[in-house]
Amino acid sequence: MNPEELNMQIRKFLKQVGVTSQREIETAVREALDLKA
């Protein structure tokens, strides 16, 4: 695998992880706010 291809794969992976993490964080925050209300 050449360096450019590797770089693209890593970027795709990190983007996916970022999106998933953001969704998890939003869900956790929403639930915490619901508990407080």
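Helices (H or I, at least four residues) and strands (E, at least two) are DSSP runs, numbered from the N terminus. The structure shown is a predicted model, in which local features need pLDDT of at least 70 and side-chain atom pairs count only at pLDDT 80 or more, while totals for chains, interfaces and linings use all residues. Residues are numbered from 1 along each chain as its sequence is written, and side-chain values use heavy atoms, with hydrogens and water left out.

**View 1. The whole protein chain.** The secondary structure of the protein chain comes to one helix and zero strands, and its C-alpha trace spans about 55 × 10 × 5 Å along the principal axes. Of the 37 residues, 0% are buried, where buried means under 20% relative accessible area, exposed over 50% and partly exposed in between (1.4 Å probe, protein chains only). The protein chain exposes about 3,700 Å², of which carbon and sulfur atoms supply 60%; accessible areas come from the Shrake-Rupley method with a 1.4 Å probe, and for residues only the protein chains shown count as cover.

**View 2. Phenylalanine 13 and the nonpolar surface patch.** Phenylalanine 13 is found in helix α1 (residues 3-36) and is exposed, with a relative accessible area of 55%. Together with Met1, Leu6, Ile10, Leu14 and Val17, Phe13 forms a nonpolar patch on the surface, with about 640 Å² of accessible area together. Patches are made of residues with over 30% relative accessible area and no salt bridge, nonpolar side chains (Val, Leu, Ile, Met, Phe, Trp, Tyr) being joined within 5 Å and like charges within 9 Å; a salt bridge is a side-chain nitrogen of Lys or Arg within 4 Å of a carboxyl oxygen of Asp or Glu.

**View 3. Valine 19 in helix α1.** Valine 19 lies in helix α1 and counts as partly exposed, at 34% relative accessibility. Valine 19 and glutamate 5, which are 14 residues apart in sequence, are 21 Å apart in space, C-alpha to C-alpha.
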